Amino acid sequence: MMKGFLILLVSLLLITGCSEDLIDINGTGVIRGKVVEETTFLPLENVKISTNPNTSSVFTDVNGDFEIEVEAGQYAVQAEKDEYITAFESATVEVDGEVELVYELRTQTANNRAPNAPVLEVPVDNAVDLSFNLTLEWTGTDVDDDELTYKVTLRNTGDNTVEVFEDITDASLDVTVDYGTTYFWQVTANDGINEDVNSELFTFSTANFPVNRFLFVKKINGNNVIYSGDEDSAEVAITSVNSNSWRPRVSRVANKIAFLRSVGALVQVFVMDPDGNNVRQVSTQVPVAGFNLEEIDISWSSDGAKIYYPSQDKLYSVNLDGTGTTMVYQSTGNLVTEVDVNGSLIAVKTNDLGGYNCEILLIDTAGALVSTVLTGVNGAVGGLDLSADNSKLLYTRDITGFENIGYRQLNTQAFIYNLNSMLELSVSFNKDPGTNDLDARFSPTESKIIVYNQDNDGITQGTLQVLEIDTIDTREDIFTNGLMPDWE
């Protein structure tokens with residue numbers, strides 16, 4: 001019995017002794033270190049440091065430093081932070097020892113590859129005779145399937161201006177460019193991770209500006225903008241939406257377009273090339289003035305050397321170069337509002353301050369009265385255009401004779417007045433009830449006319465329509481929301 005007790009006691013003492021030896025051998029040590037960003041070597045704060053086998057976790061301070069006390073032994077030490085690739089270092093910690101670790105963390109996108117260079121598709125390199133409205137197209141790919149955004153750089157070699165279009169998500173871009181110009185273009189791809197990647201540099205050239213027969217005006221954002229158009233109803237703006245420009249009149253002899261433009265509180269006569277370039281103010285000494293400035297009309301001399309324009313009760317001419325401002329005619333009481341010149345004959349429309357009490361007079365270039373076409377009628381009158389042989393005069397008038405302070409017209413029709421027979425014929429065939437035919441002009445062959453057809457509420461935007469003079473049932477829409485046409 002006693003022998004068994006002694007054996008048990010010795011065993012317990014041996015076990016106790018072994019446990020004390022293990023605690024003393026393991027002890028503790030310290031793992032300390034620093035975490036920085038791989039490429040910049042800037043310290044990273046709030047990186048979580050943990051071990052395997054598991055001990056307590058700590059976070060790096062503002063300097064990227066950390067310290068953790070562990071039992072002596074071997075550890076895998078982990079550094080992890082959002083948006084970075086987790087890193088591991090091994091550490092063998094001895095009792096009362098210190099281990100120094102350094103981590104250079106890489107961003108999670110560090111292995112991401114840059115996009116492939118965009119491949120330009122349309123237009124092909126060195127393409128020529130392109131339209132002023134075109135679509136640039138390219139192909140963009142990314143081996144990591146990242147979403148790509150593009151930047152298009154477009155350089156005009158004529159004036160060296162550069163347009164940059166950014167944040168494009170589709171592999172195409174609609175652009176409007178100048179006629180008769182060579183461009184360089186390049187596409188840049190970005191995956192939001194890597195540096196930009198550029199395509200090759202391509203070039204293309206646009207066709208020369210077409211000789212369009214139509215000019216007209218559209219109202220855009222409160223301003224009048226002049227457009228050029230062809231028989232297929234293709235149209236292009238030739239003045240800026242940032243200026244107020246109206247009443248275009250072309251001279252094929254001068255190869256210029258005369259028009260009116262607001263200059264501060266005044267209105268002046270300007271000229272430009274058929275494509276809208278080389279804009280130049282012509283009138284300086286006497287501005288355009290009179291009743292309802294949008295009703296005022298101007299005219300070229302037949303030789304393209306002068307422009308005729310109204311100013312209050314007077315009619316002036318000015319040379320194309322801006323010199324020689326001359327008063328041609330002065331009304332007896334009324335305001336001069338419209339003019340059309342053909343050779344030595346000048347048609348003039350006058351009216352009172354309300355736009356009524358209208359007269360249409362024919363005068364010569366010296367201002368002498370030749371004949372009176374229209375007088376003593378009620379209602380609005382306008383739209384003068386002499387025929388090529390001065391045998392006919394086209395104009396419009398409201399056959400209802402309606403007059404009010406708002407200058408509203410109820411049933412305005414186009415008329416051709418025969419200067420030989422002195423007979424008037426309405427040519428507003430097939431006109432919808434409740435509409436007005438305004439701003440009438442002969443076609444170049446004088447077999448047709450163009451009118452601005454608008455609802456008689458005076459608010460709804462109308463349409464430019466073409467009518468055949470000798471065919472009653474023809475009326476064709478050609479430009480929507482267009483007004484003040486010229487057809488030469």
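1. Basis of the model. This is a predicted model, in which local features need pLDDT of at least 70 and side-chain atom pairs count only at pLDDT 80 or more, while totals for chains, interfaces and linings use all residues. Residues are numbered from 1 along each chain as its sequence is written, and side-chain values use heavy atoms, with hydrogens and water left out.

2. Confidence. The mean pLDDT (the predictor's confidence in each residue, from 0 to 100) of the chain is 91, and 95% of its residues reach 70 or more. Over residues 1-25, pLDDT stays under 50, and the model has 1 contact (heavy atoms within 4.5 Å) beyond four places in sequence for them.

3. Strand β33. Strands here are DSSP runs (E, at least two residues), numbered from the N terminus.

4. Partners of β33. Two strands pair if DSSP finds at least two bridges between them. Strand β32 (residues 381-386) pairs with β33 in the antiparallel sense over 4 bridges; valine 381 has arginine 397 as its bridge partner in β33. Strand β34 (residues 412-418) runs antiparallel to β33 and is joined to it by 7 bridges, with isoleucine 416 of β34 as the bridge partner of leucine 394.

5. An open sheet. Four strands form an open antiparallel sheet in the order β19-β18-β17-β40. Its edge strands, β19 (235-237) and β40 (483-487), each pair on one side only.
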